[in-house]
Amino acid sequence: MIKGTNFIGSTPSDQGEETLFSYNPVDGSAFAESFAIASTDEINQAVDKAVSAFQTYQAVSPQNKADFLDAIADEIMALGDKLVERACGESGLPAGRIQGERGRTCGQLKMFASLVREGSWVDAVIDTAQPDRDPIPKPDLRMMQIPIGPVVVFGASNFPLAFSTAGGDTASALAAGNPVIVKGHESHLGTNELVSKAILAAAEKTGMPEGVFSMVNGGIPVGQQLVKHPAVKAVGFTGSLRGGRALFDLANQRDEPIPVYAEMGSINPTFLMPEKLGENPDALGKSFAGSVALGVGQFCTNPGLLVGIKSTALDTFSQSLEEGLTEVTGTMLNAKIAESYYQHRDALLNEEGVSHQGNTDKAEGNTARALTATVSATAFLENPRLHEEIFGPFTLLVVCESATEMEAVAATLTGQLTGTLVATENDLTQNDTVVKNLEQKVGRILFNGVPTGVEVCAAMHHGGPYPASTNAKYTSVGSAAISRFTRPISYQNWPDSLLPTELQSSNPSGVWRLVDGERTKS
Ligand code: NAP
């Protein structure tokens, strides 16, 4: 039995006692290597090393930090097919999807590298002194964002690359100047290890301090120990509401509570407005079937709730959706997720008023069978269990008797990552109350299209009011994700030459700043 590296970042030979295996979800076979569960000492060692790395890493120049992020992307690409094969084997996802996700992961790293080089993410604000102000003088105040210290990242099951070891959480935390400790997801242990080694190789090549990155394996106790460690300053998480909430509560019970930026469940409601629906309900049904089935429904933006008003167009849409999902099957990420899909879906199908047409038989192994079900708005409004996320290729169609009922459905929803309006402009103005309600519930609101597909850019907000995330102000995708791992500091009357370069009067770093209310580079 080959023992895989467990504690990465300093002493790979120092193994814990218990081990984990990863499995191929297609046939349930175990990969040959075992991966040791981190011991308490190893976890403490990872955090201690992150603490000492922080002293030097926060002072590394923007250019060098950016070189490190670029080098991680290069090292990941240099892993070539080995990484793609391992990630496919451990996730059941096809090579095309993993290659796309690798591109997105490297693109994110390079985006953060550019952001760090450009520098204005520090949000420098300068209010110069007014010593002669009457009745009291105004002091000189200069504010900017600084890193916070060691960040713990929980890798997600459904994005083995883009939301895992070198995903958006890690990239944004490193970009801000924080060391990172990843708690690898058990679903893709070999993928985690390959990517971790790529990060460490990049750190070595670019001269980053030891301990700037570590990865530990283990179950729930390992994650809990990391979150409770007094030197950890923030947590990034993508996964279930139960897991995210547990970690959030744990972090708040610490002597020093810390932020947990958890991106959790969402049913991503879509409102099918009458005028738009009437134009081509068949095509819309097909398009939503494709979105529901994409990635075997294992996306946080999966459209799990469709809401329309009773009409022949809605009947056509429903039939087309059902046809589009008939006989659609796919391997889920792991046995636990496949089991959970059938368990939660079947519980929902047994709720009062829920009807369905398709095949509900459990497919072989870890294969999910896609399905749609229908319920009246009255039954939906009365039963909060119908509002819960079913993680997988499933969607619930809510049939309203009137526009007023549709408004009530919009009003009753909890926080969501996305909300979609399938509508004409006229539909929007006619259904203003639905739009206003949805704006209050979601992090991203779409006019037509489908919610799956999350662009990585400066204007993306991938978050939303609870329970979609633990803090609606912050995004886990796009360049703004960096602000989760920074905090502001104001320097008052500080000697100019001893200020960070971004705040010095001559602005040697050349970043954009707000100086006495004016945005300027000078
Ligand atoms: P998960 O169960 O929330 O686990 C995510 C990570 O958090 C894992 O590393 C897990 O550790 C850890 N964790 C969970 N609960 C914890 C706790 N109480 N204390 C400390 N650590 C904890 O998510 P998952 O494994 O990815 O998938 C399970 C379910 O989550 C899915 O069936 C789905 O319902 C939901 N999910 C939702 C999304 C979304 O974007 N909406 C994405 C992924 C998953 P272990 O691995 O050791 O258990």
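A search of the whole structure finds zero disulfides, a disulfide being a pair of cysteine sulfur atoms within 2.5 Å. In general terms, such a link is a covalent bond between the sulfur atoms of two cysteines. The model is a predicted one, in which local features need pLDDT of at least 70 and side-chain atom pairs count only at pLDDT 80 or more, while totals for chains, interfaces and linings use all residues. Residues are numbered from 1 along each chain as its sequence is written, and side-chain values use heavy atoms, with hydrogens and water left out.

For Cys300, the closest cysteine sulfur belongs to Cys457 and lies 15 Å away, which is too far for a bond. Cys300 counts as buried because its relative accessibility is 8%, where buried means under 20% relative accessible area, exposed means over 50%, and partly exposed lies in between, with a 1.4 Å probe and protein chains only. Cys400 is likewise classed as buried, at 0% relative accessibility.

Thr191 is part of helix α6, which covers residues 189-205; helices (H or I, at least four residues) and strands (E, at least two) are DSSP runs, numbered from the N terminus. With a relative accessibility of 0%, Thr191 counts as buried. The side chain of Thr191 is joined to that of Glu90 by a polar contact of 2.7 Å, the term denoting a pair of N or O atoms within 3.5 Å, of which, within protein, one must be able to donate a hydrogen and the other to accept it, and for which residues adjacent in sequence count only if both atoms are side-chain atoms. When residues up to four places away in sequence are not counted, Thr191 touches Leu83, Arg86, Ala87, Glu90, Pro160 and Leu161, contact being defined as heavy atoms within 4.5 Å.

A cis peptide bond, with omega about 10°, joins Asp134 and Pro135, and Pro135 is placed in the loop between β4 (125-127) and β5. Another cis bond runs from Tyr466 to Pro467, with omega near 10°, and Pro467 is found in the loop between β19 (442-447) and β20 (486-492). Glu327, although not a glycine, has a positive phi of about 60°; it occupies the loop between α11 (312-325) and β13 (329-331) and counts as exposed at 58% relative accessibility. Asn493, also not a glycine, has a positive phi of about 55° and is located in the loop between β20 and β21 (513-515).

Grid points are joined across faces, edges and corners, and a volume is the space filled by probe spheres set on the points. The second largest pocket holds about 450 Å³ of space and is lined by 23 residues, of which Gln58, Pro62, Lys65, Met144 and Glu502 lie nearest its centre. At least two lining residues come from each of α2 (62-78), α4 (95-118) and β5 (141-147), with β5 giving the most, four residues. The lining of this pocket comprises 13 nonpolar, six polar and four charged residues, where Ala, Val, Leu, Ile, Met, Phe, Trp, Tyr, Cys and Pro count as nonpolar, Asp, Glu, Lys and Arg as charged, and the others, Gly among them, as polar.

Two cavities of 30 Å³ or more are counted. The largest cavity contains about 110 Å³ of space, and of the 18 residues that line it, Ile267, Gly304, Glu388, Glu389 and Ile390 are the closest to its centre. Its lining divides into 10 nonpolar, six polar and two charged residues. Gly304 lies in the loop between α10 (281-293) and β12 (305-309) and counts as buried at 16% relative accessibility. Although Gly304 and Glu389 are 85 residues apart in sequence, they are 7.0 Å apart in space, C-alpha to C-alpha.

Conventions
1 Å grid on protein atoms, 1.4 Å probe; cavity = no way out; pocket = protein on both sides within 12 Å on 5 of 7 lines; lining within 4 Å.
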